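Here are my notes on this model, point by point. Please keep the structure open while reading.

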Amino acid sequence: MIVCDKKEGLFTLHTRNTTYQMKADSYRVLLHTYYGARIVGGDLSYLVRYTDRGFSPNPSEVGHNRDYSLDTLPQEYSTCGVGDFRIPSIDLELEDGSRIADLRYTGFEVKKGKYSLEGLPAFFGDEEQAETLVLFLEDTAAQVGVELYYGVFEQCDLITRAARITNRGGHPVRLRRATSLCLDFQRADLDLITFDGGHVIERCPTRTPLRQGVQSVGSVRGTSSHQHNPFVVLCDHDANEDYGLCYGAAMVYSGNFEAAVERSQFESSRLVMGINPYHFCWPLNPGESFTTPEAALVCSTCGLARMTHQFHRAIREHLIRDPYHGARRPVLINNWEATEFHFDADMLVSIAKEAASLGAELFVMDDGWFTNRDSDLSGLGDWVVDQNKLPGGLEALVPRINDLGLRFGMWIEPEMVSEDSQLYRDHPDWALRAPGRAQTRGRSQLVLDFSRKEVRDHIYQVLKEVLSSANVTYIKWDMNRSLSDVWSAGLPANRQGEVFHRYMLGVYELLERFRRDYPDLLIEGCSGGGGRFDTGMLYYTPQIWCSDNTDAIDRLRIQYGTSFCYPASTMGAHVSAVPNGQTGRCVSMETRGIVAMSGTFGYEMDLNETTPEEKEIIVRQIEKYKAYYDLIQRGDYYRLTDPFEDGPYTAWAHVSEDRREALVSLVTGTMHAAPPFRVLRIKGLDPSFCYRVNDGEEVYPGDVLMQAGYPLPMLKDDYQPFQLHLKAE
Ligand code: GLA
């Protein structure tokens, strides 16, 4: 609910459990007055206090009133060059070379339904589900207008934000920074949690108390990156899964981003999130506008679990689009780890046949299917089926797969080109590369300049021919290097600061074209695993390959970190062969199965090479996944332990929304002799229900399972799995 008091300049956004408030003061400076637990209302600007602080200057209109300074006030969209020395939300360069932005409130608008952002991913909601508030700000000297957009999703406690900057004057201006959100707190006793790592070790939570100064994470790689996820949490020092105030913030964007928090000299703090200002400069000619990507906020007043549940709900209901919004995802078999580049049609059919007999639903042909692609040194860009490996092309292969009862899907990497390819020989200037410099290779490949429409049009045409040649129902859209040498032959020198963002807009545009022309196609995102795992990509690709690391024990950590923002239905997770390719570790088929089952499930191995006993396990695994699909994909996810603590086990649970059913999973860590008897305290159950365990004789009340716990059997082995299915009587 949005409540506007025009006379007082007071704007209050209520969601089911939270309230967010802003006020335009008598100088029309837009102040942030409150974000936290839902309150009845009232004007919270009494919390903003004024006093003379040394070296905090005063705007001219306050005269010699030294108590009023932008440096000490909580701002809704921070300015620059006019006395607030904390992180700015905007950096404007005017024609005269000045770098000042002084924004004042001029008006507002409220609309039913959620705003959308042209060409950018965004949460969506109809008139019943969401409302929009637009606040208008203006720098009168620069003649630049800023519209602040707020999307309010009451049920999910979700507030989205974006800004649109318009040059209303007669001279060009240059935008050097424009954040999607700015969030000021009049306190600094907060912890910052970021999700960091690298290739094959994505999204490990790092938690630190705020210290004076700026702490930031971000990416300048052209993708949101394996190294830092564009999702951060600010929370009370003592917040945990079940207790404390927590604020989660996610960039709905897949390119360069920055999330920075500043703890000020006066114990206030500010979070800003937006496009990374590195190499960003957007000229605005008179009349032109720039729209920032969206950022999404969830506040939980009772710990991290609630924040997670609200993000999961919002992503499932308001970000994943039809037909995959709510639709079941197929159990897949992917040939990559089994064959890499070395396969032919019969090998693929044999892998598919075995998988079909065990219950798989979709066969995915990975990298290596196109001409001149026997290694990662060549071929990218020439999207034509290799007739040596696949005689008769997809027209011959796909019916053979379909005859086994499997759907067919395939890998592509549209944004890339190999130097050893016809495409590169024909169009060397289509790759990003600065004039007069040798190219920097990544995985021996170059990046196509997706800021250019003719490049995207060409890639679309060739891929369309492949996709239209057979019954293809799924693509894995990969992206296997970071962007370097970022310079576009399609733009003049003074517009090169647009290239990173235009590249991302180009990727979104092409994804949208595929969605429009192949509405039923399921697209799985991938960037060497989880290098572009963000809410921006999820708008186009309802699931994303979580990590190239398929080791079940490492995956416990990767999926744990990923779960803070992203639901199970978005996390590609597969059972692969042992010893594991990344770690050399051997764990049982059961263990690999229950870990992968907490995502969009599949296998990435040649199942012909498993033993008869393992095959039986696989059949049961797939049956179980199908039976518990709704519970896993739509239930509330509870982290019962933290796998980074190296405790005796890692445990997690999926609990149905009505609390009548739960699937509790556990994998032991490194065990030691003479282990104690252990009990597992379960979360999220209804205390008044009685739950039957695994359809057997055992029945326990919900409050007993949550408070006293379930007595675990003696688990003695390393990496041993254990699963409990609870059903209310
Ligand atoms: C990336 C992906 C893998 C696989 C290979 C193929 O690394 O993450 O899953 O598709 O590319 O080259």
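Is E267 buried, exposed or partly exposed? E267 is partly exposed, at a relative accessible area of 38%. The cut-offs are under 20% relative accessible area for buried, over 50% for exposed and in between for partly exposed, with a 1.4 Å probe and protein chains only.

1. Ground rules. This is a predicted model, in which local features need pLDDT of at least 70 and side-chain atom pairs count only at pLDDT 80 or more, while totals for chains, interfaces and linings use all residues. Residues are numbered from 1 along each chain as its sequence is written, and side-chain values use heavy atoms, with hydrogens and water left out.

2. Overall build. The protein has 13 helices and 38 strands. Helices (H or I, at least four residues) and strands (E, at least two) are DSSP runs, numbered from the N terminus. The radius of gyration is 27 Å, close to the 27 Å that the globule rule gives for 729 residues, so the protein is as compact as a globular protein of that length. That radius is taken over C-alpha atoms, and the rule is 2.2 Å times the number of residues to the power 0.38. Along the principal axes, the C-alpha atoms fill a box of roughly 85 × 70 × 45 Å.

3. Of the 729 residues, 62% count as buried. The protein exposes about 26,500 Å², and carbon and sulfur atoms supply 49% of it. Accessible areas come from the Shrake-Rupley method with a 1.4 Å probe; for residues, only the protein chains shown count as cover. Among contacts with a separation of 6 or more, 69% involve residues 24 or more positions apart. Contact means heavy atoms within 4.5 Å.

4. Domains. The division gives domain 1 (2–318), domain 2 (332–412 + 453–480 + 521–635) and domain 3 (638–728). These bounds come from an automatic or database domain assignment. The centres of domain 2 and domain 3, taken over C-alpha atoms, are 30 Å apart. Their contact takes 21 residues from domain 2 and 23 residues from domain 3.

5. Helix α9. This helix covers residues 552–563 and has 12 residues. Its first and last C-alpha atoms are 16 Å apart, close to the 16 Å expected at 1.5 Å a residue. The expected span is 1.5 Å times one less than the number of residues. α9 is mostly covered, with 10 of its 12 residues buried. The buried residues include R555, Q559 and Y560. D551 caps the N-terminal end: a side-chain oxygen lies 2.9 Å from the backbone nitrogen of I553.

6. Helix α7. Residues 499–517 form this helix of 19 residues. It reaches 27 Å from first C-alpha to last, close to the 27 Å expected. Its buried residues include F500, Y503, M504, V507, L511 and F514. An α-helix has 3.6 residues a turn, so residues three or four places apart point the same way.

7. T339. This residue lies in helix α2 (residues 336–339). T339 is buried because its relative accessible area is 8%. A polar contact of 2.9 Å joins its side chain to that of N335. A polar contact is a pair of N or O atoms within 3.5 Å; within protein, one must be able to donate a hydrogen and the other to accept it, and residues adjacent in sequence count only if both atoms are side-chain atoms. Leaving aside neighbours within four places in sequence, T339 is in contact with M347 and I351.

8. P542. Look in the loop between α8 (535–538) and β28 (543–545). P542 counts as buried, at 7% relative accessibility. Beyond its neighbours within four places in sequence, its contacts include I320, Y324, R329 and L522.

9. Backbone points to check. Most residues other than glycine have a negative phi, and most peptide bonds are trans. The bond from D322 to P323 is cis, with omega near 5°. P323 sits in the loop between α1 (304–318) and β21 (332–334). Another cis peptide bond joins V578 and P579, with omega about -5°. P579 is in the loop between β29 (571–576) and α10 (589–596).

10. Positive phi. F55 has a positive phi of about 65° although it is not a glycine. F55 is exposed, with a relative accessible area of 84%, and lies in the loop between β4 (30–37) and β5 (90–93). E267 has a positive phi near 60°. Its loop runs between β16 (257–263) and β17 (269–275).
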